[in-house]
Structures are given as structure tokens and as C-alpha cells.
Amino acid sequence: MKHLKSFFLIIVASLFSATLLAQVVTLDPSFPTPDGSLTITFDATQGDGGLEGFTGDVYLYTGLITSESTSSSDWRYVRPPGGWTSYPEELKATPLGNDKWEFTYGPSIREFFGVTNQNETIEEIAVLFRGTNTGSGEPDRVGRDTGGEDIFIELSDGGVSARFLSPGSDVTILETGQSLEMQGIGTVNSGTLTLSLEKNGTEVASTSADTLNYTFTPVAGENDVNFDLIADNGEGLADTASVFVTIREGDGANISRPAGLQDGITENTSSVTLSLFAPQKEYVYVIGDFNDWQPSSEYLMNKETSGTDSTWFWLEIDGLTPGEEYGFQYLVEGDLRIADPYSNLVLDPYNDGYIPEATFPNLKPYPAGKTSGWVSIVQPGSTEYIWEASSYQRPEKTELIVYELLLRDFLEEKNYQTLTDTLDYLDNLGVNAIELMPVNEFDGNLSWGYNPSFHLALDKFYGTPEAFKKFVDEAHKRDIAVILDVVMNHATGTNPLYQLYDSSSNPYFNASARHSYNVFNDFNHQYSGTQYYTKRMIEHWIEEYKVDGFRWDLTKGFTQNCTAGNETCTGGYQQDRVDILKKYADYQWAADPDFYVIFEHLGTESEEAEWANYRVSEGKGVMLWGNMNGNYSEASMGFHESGKSDLFGVLAESRSSFDARHIVGYMESHDEQWVMYKNLNYGNSSSVYNIKELNTALNRQKLAGAFFFTLPGPKMMWQFGELGYGGGPGECLKPGGQGDGDCLASDPSRTGEKPIRWEYYDSEERLNLYKTWSELIRLRKSSPVFTNPETATYNMESSVKTITLEHEDSDVLIVGNFGILKNTVDVVYPSTGTWYDYFFGTNQTISDPNVELTLEPGEFRIFTTREFVTPEEGLIPQKDGKWGTGIPTTFTLEQNYPNPFNPSTTISYDVATDTNVKLEVYDLLGRRVQVLVNERQEVNSYTVLFDASGLSSGVYIYRLKAGGKVFTKKMTLIK
């Protein structure tokens, strides 16, 4: 429906012309050159609003676009060289007051950036301004141009240059009878300057001065006017700057939307209908591939108003080619370009260029030079995906074994195609649900995903919508559920709803955070528009992608009652938060009655119980994340003081007010330090038992798994935990805020990329951990006694822990020694008769239920009254069908760990008989550099620390002489 006439005047400047700079930044000199200095003045009131009203320190983050750059996002010579978290004084802007800051590049632009190659052409300076509160934990406030884009300053080659100072933005509106004051400037390096202004190719003004002024008054019927500003040196050189004019009438026809039209994009075979909810806005155009990104009366959106707080703009665009992709944006009131908030897919001008072709084949190119900002993609008449998993059975809530993963750090290829190929690995492990960290569009490519920009759009860095659907489909064929991590507490400044309004008057967002954990921009969930947006997000992922559940991030942030820094308020009971999250649960169950609803709340039991018990009589109820990382770490490390190793909290029974088993217990998640890291670095030890030794640490993970997967209630594991990840080079999670915590300064940042360790699967010791956990999960699935026991007794606090489960299908007794010494304990079997040892395949008759049992450190046993299939031998330490004594029977020398190392590593070896032992280190020239052991030793396993602080990088040989045998291995020191 494109039938509108024209009335007003719009001036549209080229995206990369300098006219936009006239308002956001001013330049001195007006035409900077690479070999001269430049002073820029940033006016936050004319920018994107990110620094308006800011009173703290402002620093530059800046770089160059040169002849070596591959795109506008390929910044070269970036300063500060230390990255985003560095704030050197030489990049500090000078405050001028009135929301303005000044900075000088000098003594020359080339010298400032250190560009020594004179053959490398400097084309543009790229810059953004960062208002920082270092040490506060708050994110930087960033000042960009009016479109939310980084600022680009075009440099002159010193020849002939022309640009407009006015109009100073890409769109200027004139009402009938008004005039537009136009001003252009020019410069020449040699010859005589002539400035001329042409309208539709006809000269209307000229001057020999360096400034040209012209008043333009449109006449009736005038439309589609091009203005060209031409600087000529009279010697055959010229430069041109251009603006484009079109005319519109009114604010858009006041026509009600078609019945049932939802906000966002409605695609038909050869048309799309667009609807934007934008109260307080006067008019909106649609620009895109179908009109060469130029606003015109044909694409002025209809306007439906039913009050000052209820205004919709809508337009049907027809005549489109079925199956073809089109990019488009909303041009709001002539100066704001935004994508549709409900986009299914968007183009990113900065990051799409780094997406591999194999991950997203035939990705639509960004319309460079025609617009700025994020662009929506529509594809009317597209081919529907044919779902194949017709017999899929969604696991029951209480039977969930969830595998949380971050696609970025799980697979080298980082895409859905490869994740689909990896489903057998997860299926064989036994998991029945996969929880993906955020896959909706987020800022950048390499991210945890908790910086969301478009909540309904799939982030392209992981693959196409079709590839994601294929992954979900293939998971469902294996009866594996797919759960998405959704982030509705906040959004980044890229979000269109945030860009629509000033930060102080945006109904969707709070002007300041209403809780103590805020990052980015805090949603106001009491606003009906935010609730509608959230409802649409829910329906989209369920209907379009058939996902099975959501894990809701940071649900503590869904209150309007608190302030930043007030943890007492944020962590306390908040009725508004209880109510809104119940409403969101209702939205999910309305779309899918059996949908998994999981909250990461980690708050008070009284509040969590409101959700856990909500509609539980209908088989619903919300599940809550249950963080037991600290307790499992303490238990696994062999420490049991002050009840820190009590594992009872992993059970829903620890919440007496819960009516159902709705705690998703976990030993580790993306937010916690790996348990293996704790074992290898802080594990306890005795004279004969050392948890810091790799194999022992891996066996401790088996022990922890025995007291995790066998417990009733849903459980979750974090990627590669089944292979003993943590503690190797780069395998350390830094804490939030300042400092490195347990980690080295050289380790990846908290949210930075972590090493991907699929080679661990080729290690027999690590593979045995995978197999052990797999067998524990198989056992769990084999009997309802593990997921729905009729009677359960737990002793989870002492160093020797026991679990007793009873059911008509089987009784179970699990006992484990989490200490570092051999321990003899009294255990009580729940019944007499024949009992089977699960891992060893033996059986015994219990006539007296009171039994004395001796356990080696780290030993665990699982006894059942029903005979289950026995796992393969050798998964847990055993000898002659019994738990190993820990006494070596052969001499062995283990590979040092870690390797490579810097500056120290551990070397482990076994001594099978009392003998003289010598352990030495040599360089590759055969020179001995250190004697680590030279003494008589008893039968035992030993671990020695080798400190190479005084040695140079290189390959070294370590040699063990013991019992008439000689063993050697290589190790690598990298400094």
C-alpha cells in the first residue's frame, strides 16, 4: 500500500560524506591531512546520547582505515595498544563543559599512530569516546555518532576537497514555506579554488572564496533534487560532495493496521508487512534494497494512533521476488536508522566480514555506502524447513541431565553443522538436554553472549537458521532436548528499542539500574511494551525453532524496587519480580505446555519457592539453578572443615518449601572455576596420596560424579567436565571485576576464548572419566530409584559420604571416601539379601545390614539389589576385582603436567620395590641441569615439583633410574 503524496523536504547525505561530522565532531583544520595535526571536538548532545550528561573521565579508542584495511571494521594501528580495558593518559580527552570534549592528534596524524610506511595511504581516522568509571565495575559509556556507529573522519590528500557544513546530518526536514541554509567549504593545494553548487545538474551558486552559502526554498512540485558541491582548482582537479532531496506530505496517513497484525515483520509470498510501535514519534520511513535506501513518499509508513502512548507505524511492501533476501531499516524522524526490533536475522556492518563462508554460506552483503547501523533481513516466500523428528519424546524435568556449552569454546569450527556432527559424543555420554549459552544476536562475534542486541535474531557467527533447525531436529531424533540461555534483563546500545528514545525517557529501559548486578541497559519489565517484547521473544523461539526450554539469565534483575549496589534489596524478596516472572512462565506454557522454565536466581528460598511451586499441581513449576561448585570443589579437593564439603544442597530436599524436585544442581557452570583446576592446584595430600597428581585428580572427578548423577532431581554439567578440563595451560576462569583470582595474568580474560581440548578424548585416563560418568548416567536412567526414590537417606557432610535410595525396582547404597586417608566406616544396607557391586560385577549376600567397610582414599562403591549391566573393567582403580590399594606393582614414569610449562611442572612416578631412586633433568646437549631426587625410597607413588625459573626456553629430558630400570621423557619449557 504505497500511495502517499509529498509535502515536506528531506535532504539525504551520502553515508560516508563528512556532512554528518558537522554536528557530532568539528575539525580543526576543516580538511585534515595525514602529515598534519588535527584537533577534534566531540559534542555528546549531537551524538548517540551515550555520553550526554556524563561527568567522569573520557578517553579515546581510535585507529585508522588505511589502504591495507579490508573493510570499515578493519581498524589498523589501534590505540590504546593494550586494548579496550586500557586507559592511558595520552588518550584522555579534555573536557570543555556542556557535554563537549576535545582531543588533538599530533604532532601529525601519521606520527601519532606510528605509520612509518609512506606507501600506506591513510584514508580515515576511526574513533569513539569512552566515558569510564574504572574500578566501579560499571561498563564504559560510549559516545558515537547519531546512528550509534563509530565516528569516521575522512582525511584529505592535500589536493582538492569539498564538503558540506550544512546540512549537518543525513536527513533534514523542511516544512512548507521554510528555507534551508546550505553552507559548503572547499580547499585546494595548488591552483585557484572555485566552489559551485549544482541542483539537478544546473549551477545555482558559485564563489571563488573557500566558503559557499546558499538558501534553498523548495517550490511547489519540486521533488527528488540532487545538490552537488564542487571544488575545482582550475587545473583539471575537482572534488564533489553531494546531498539528495525528496519531498513528503504530513506524518503519514492515519490508517488503522490490518486486523491481527503483530509488531515486527510479517512475510507473505511476495510482500512483507512491517509494523513499528513507536509512541511519541512523528513519522517513519522504510528504506532498503527495494528503494535504493532512499526515503520517498512511497515508503512513508501509515500511522495509527490511539493515544499519546500508543502509536504504530505500518506499511505493506509488495512486488517482491519470492525467495529473495532484502535488507531494510526504519528511518525514524529523518535521522535515526534502526533495524526492526523483532528481526529474525540482521546484518552487522562491523562483524559480518569475519564470519567464515563455511559457517554461513552466501551471507547477504552489507549495503556499504548506502546506510549505517544494523539492517534487518526479510525473505518473503522462503522455503520452509521440513521437521523430521516426529517421534521425539521430551525428557521429564526430574530426569534431565543437561550439558551446558558455549559453541565458541566447544568446537574449533564454532558452528551448528559441526555441533550436529558432535551429537553422538553427547548422546553416548548420556545427556538428554543441551543448554546453549546465548545464540541470539549479540555485539561482536567472540562473546559469551550476555551482551544481547536483538533478542529474536539468530547470531550468524554460529550458522544459518536452517543449520540451527537441523541441529535441533537431529538432537530431537536422539530424544535430546535443546534449552536456550536467554538474556532479558538487559540489552546493549545496539538494540533498536534502546536507540528509539533518549536514555532518560525510554519507557523500555530504566534510566539507572534497579538492581545491583546490572550491565548494559536495564529493561523495565513493568512496562507493557517490554512485556510484549518478551512474550514475542518466547513465542518466536518456540514456534520457529522448536526449542524445549529457556534458562533465564540474572532473574534478580527483573525488579523495579532496588538500586545499583543495594544487594540487600536485590537479594531480598521482591513481589514485583515474583509476579512478572510468573507472567513470563505463563507465556511460555501457553506457547508450549511442557516447556522447561529455568531461572538463574540463586536467591532466597522464599522467593524461589514461589516459582518452584507455581502451577506445580498441573505438572509445571519453574526449575531453579542450584550452584554447588564450592561444596563439590571442597569435597573433591579433600577438605571437610566447617561443612564446606556438604553436598546436600544439590538436592531439592534441601529446600523444605519446594513441593517438587525443581533444583537444577550443578558442580560447575560457565560462571565457576573448574573443579579439576582446584584439584590440580589446591588438592589435599598425605604421605601416600596426592590429589594434585593428574590421575588422582581425575579419579576424584569420578568420585564426585558418583555423588552427583545418582541423586534425584535434574542435573547439569559444564562442557568438557567429563574429560577433566581445568588446570591446563589457559584453563583458568578469572573472577568478575578486578584481579586475576587463581589465574595467571597471561590466562584468558573471564569471558575470553578458552582452549578447546578435544585431544583430551585421546588420553586413556581422561577418556575413562568420560566413560565413568557415562556409566553413572546410564545407571541413573536404568531405574526410577535414582530419579524418584520412595525413600531416601543422605549423609553428605562428613568425609565418608553415603546415599541410600529405596524403590520397588531396586534399593541402592552408595558410599565414598572423600578423605585422603584410608577409612573404615559402618554402613547400613537398607535391606538384606543379594547385593550387586555395580562397577565390579560381583555380588554378595547381606544377612546383617550393619556392615563395616574399609575404603581407600577416593574410593567409592555402588551397591544395588537389582543386577545392572556391569561397566567395562578399568574405569575406576581396581585390582583382582577389588578397589586398588594404591600400592604400585610396576615402575612407571608419567608425562609431566602441565606440558608445555612455565616456569614449573610436576613429575610423577611409581616405585614398585624399595630401591635407590634418582630423578634428573638434562638439556638436549646432554648436560645435567638439575637433580630432583637422589635417595632410597619405599614402594609408593611420588610427585615432584620441577622449578625451571633459572632456565631458558627449550626442550629438556627427565630421566628416572630405579630398580635397575631407566625411563626417560621429554618436556618443553616456554617462557
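A residue counts as buried when its relative accessible area is under 20%, as exposed when over 50%, and as partly exposed in between, for a 1.4 Å probe and protein chains only. The structure is a predicted model, in which local features need pLDDT of at least 70, side-chain atom pairs count only at pLDDT 80 or more, and totals for chains, interfaces and linings use all residues. Residues are numbered from 1 along each chain as its sequence is written, and side-chain values use heavy atoms, with hydrogens and water left out.

**Gln588 and its helix**

Gln588 is buried because its relative accessibility is 0%. Gln588 belongs to helix α10; helices here are DSSP runs of H or I with at least four residues, strands are runs of E with at least two, and both are numbered from the N terminus. Apart from neighbours within four places in sequence, Gln588 has contacts (heavy atoms within 4.5 Å) with Ile538, Ile542, Phe550, Trp552, Phe595, Tyr596 and Val597.

Helix α10 (residues 575-591) packs against helix α8 (residues 528-545) at an angle of about 30°, and their axes are 9 Å apart. On the α8 side the contact includes Ile538 and Ile542, and on the α10 side it includes Tyr584, Tyr587 and Gln588. By class, this contact has six nonpolar, four polar and two charged residues. Axes are lines fitted to C-alpha atoms, for helices over the stretch in contact, and angles run from 0 to 180 degrees between N-to-C directions.

**Cavities**

A cavity is a set of points on a 1 Å grid over the protein atoms alone where a 1.4 Å probe fits but cannot get out, and lining residues have an atom within 4 Å of a point. Grid points are joined across faces, edges and corners, and a volume is the space filled by probe spheres set on the points. The model has six cavities of 30 Å³ or more.

| Cavity | Volume |
|---|---|
| Largest cavity | about 110 Å³ |
| Second largest cavity | about 60 Å³ |

The largest cavity is lined by 13 residues, of which Asp409, Trp674, Trp718, Gln719 and Lys754 are the closest to its centre. Among the residues lining the second largest cavity are Tyr836, Asp837, Arg866 and Phe868. Ala, Val, Leu, Ile, Met, Phe, Trp, Tyr, Cys and Pro count as nonpolar, Asp, Glu, Lys and Arg as charged, and the others, Gly among them, as polar.

**Thr94**

Thr94 lies in strand β6 (residues 94-97). Thr94 is partly exposed, because its relative accessible area is 43%.

Terms used
1 Å grid on protein atoms, 1.4 Å probe; cavity = no way out; pocket = protein on both sides within 12 Å on 5 of 7 lines; lining within 4 Å.
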